Amino acid sequence: MQWDAAALAARVVFPERQGAMSNRDEFSEDTKRKVALRANHHCSFRGCPQPTSGPSDESPEAVNMIGKAAHIHAAAPGPGARRYLASMSREERIHITNAIWLCANHADLIDRDEVTYTADELRTMKVEHEANCAARQRNAVSAGEAIPDLIAIGPGIVFVGEFLGVENEVWSFHLRNFVDGDVHALIAFTERYEQTATVDRYVLVNELGDGRALGDKPSVTRETTGGYTVRCLVFPSADRIRAADIPQSWALSDSHDLMAQNGNWAMVSGVDALPQQVKTCLSHQRGESPLHRDFGTRFAEYYNLLSGSPWFDRYLKLEVIRQAAIPYTDPTNNQQYTPLLCVERVFGVEVLADAPTKNWLPIRIDLSVKGLGRWQHDLSVCIPPEPITRPSFDELLAGPS
């Protein structure tokens, strides 16, 4: 039997007891992934230093996962259902606010003693642990420490690791822990590389603020000391235009509407168009255009999954790197360009508000722009409240079935 890579990832990262359907109100895979990310893949039990994932000695592909999204209030009534609250709705019971990320030992422990481990006590532990995760990340960054950061290979694999170097157009990395996907998904990516869309063959490195299109499938080697070494043959850096050469377009106001000037629609180009070019590019969600299905960011997806976690800014930085470094081929004219046109490096992305205002989320970006140098700017990007699902151009031409 051949397993789908996503199913394999779910089995390794979030193991579940197999068997018949039950009446338990279980968390979705997105909720499990999100609570694990917010806990930095470490147990949230007070004083427990246990990481919850790592390599297994069983085989070069094996992963040990001892983490679990445990229910604060039990998922169903019955014997041993600790802290079950009958007044909760199903939606409340499966919400992330009812989940805490724990190692296997402490997940069992809290279900043996609900007198000591009350719902309030577990919520307090969760808040403390997530606050500590965020503080450690902020303090390391402000102190200029070299800390492992996110690296992405294609759209479905994100891991924490370090860039080791480059030799003969090969980028090498030490892979510490998977954040999205697992070693099975990475191996599946290599095996299905030839069938993967060209636009999804890339590597993005937050530490570098840069990325490359892949020239061949990655190689993966298990390290004797733990973790993996990943090597990626990459194409040279994509061409960028100078900021002064940004094409002319309609000018947009601060309220995101077209601007009029002397009775005519205003136009903007060159360096003056840079803020608008960046905002427009980052606000376009992938799948939004029926003609350009692969164009756009995953900002809305990441906001819905990770908003409020210390990972959110880092995921957005990956997406800005992708828009800056990975060429997109326009299917209407076969021309190739990077969506951000003139951005050569991404130094940082910072979210400036807890939530969008009328679907617009303020962010601060720190970029290196060709012909301009280091460029920092505050702008807003559109975060639609619901995922955008539009028919393709072919489906529009076909009409209703």
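**Questions about a predicted model**

Q: Why is Glu301 called partly exposed?
A: In this predicted model, Glu301 has a relative accessible area of 41%. Buried means under 20% and exposed means over 50%, so with 41% Glu301 falls in between and counts as partly exposed.

Q: What makes Glu301 and Arg298 a salt bridge?
A: Their closest N and O atoms are 2.9 Å apart. The cut-off is within 4 Å, so the pair qualifies.

Q: Is Arg298 buried or exposed, and how do you know?
A: The relative accessible area of Arg298 is 14%. Buried means under 20%, so Arg298 is buried.

Q: Which residues do salt bridges with shared partners join into one network?
A: That network is made of Asp25, Arg90 and Arg93.

Q: How do you know that Asp25 forms a salt bridge with Arg90?
A: Check the gap: the closest N and O atoms are 3.4 Å apart. That is within the 4 Å limit, so the pair counts. By this rule, the count comes to 22 salt bridges.

Q: Are Asp25 and Arg90 buried or partly exposed?
A: Asp25 has a relative accessible area of 10%, which is under 20%, so Asp25 is buried. Arg90 has 45%, between the 20% and 50% limits, so Arg90 is partly exposed.

Q: Why do Asp294 and Arg286 count as a salt bridge?
A: From N to O, their side chains are 3.5 Å apart, and the rule asks for within 4 Å, so they make the list. Asp294, at 35% relative accessibility, is partly exposed, and so is Arg286, with 22%.

Q: What makes the nonpolar surface patch of about 360 Å²?
A: Trp250, Trp265 and Met267 make it. Met267 lies in strand 15 (residues 267-268).

Q: Why are strand 18 and strand 20 said to stand at the edges of their sheet?
A: The open sheet has the order 18-19-20, with antiparallel pairing. Strand 18 (343-351) and strand 20 (373-382) each have a single partner strand, so one side of each has no neighbour in the sheet.

Q: How do you know that strand 19 pairs with strand 20?
A: Pairing takes at least two bridges, and 10 bridges join strand 19 (residues 360-369) to strand 20, so they pair. For example, the bridge partner of Pro362 in strand 20 is Ser380.

Note on methods: Residues numbered from 1 in each chain as written. Predicted model: local features only at pLDDT ≥ 70, side-chain atom pairs only at ≥ 80, totals over all residues. Heavy atoms only, no water. Helix = DSSP H or I, 4+ residues; strand = E, 2+ residues; numbered from the N terminus. Patch = residues over 30% accessible without salt bridge, like charges linked within 9 Å, V, L, I, M, F, W, Y side chains within 5 Å. Areas by Shrake-Rupley, 256 points an atom, 1.4 Å probe, with all protein chains shown as cover. Buried < 20%, exposed > 50% of the residue type's maximum accessible area, 1.4 Å probe, protein only.
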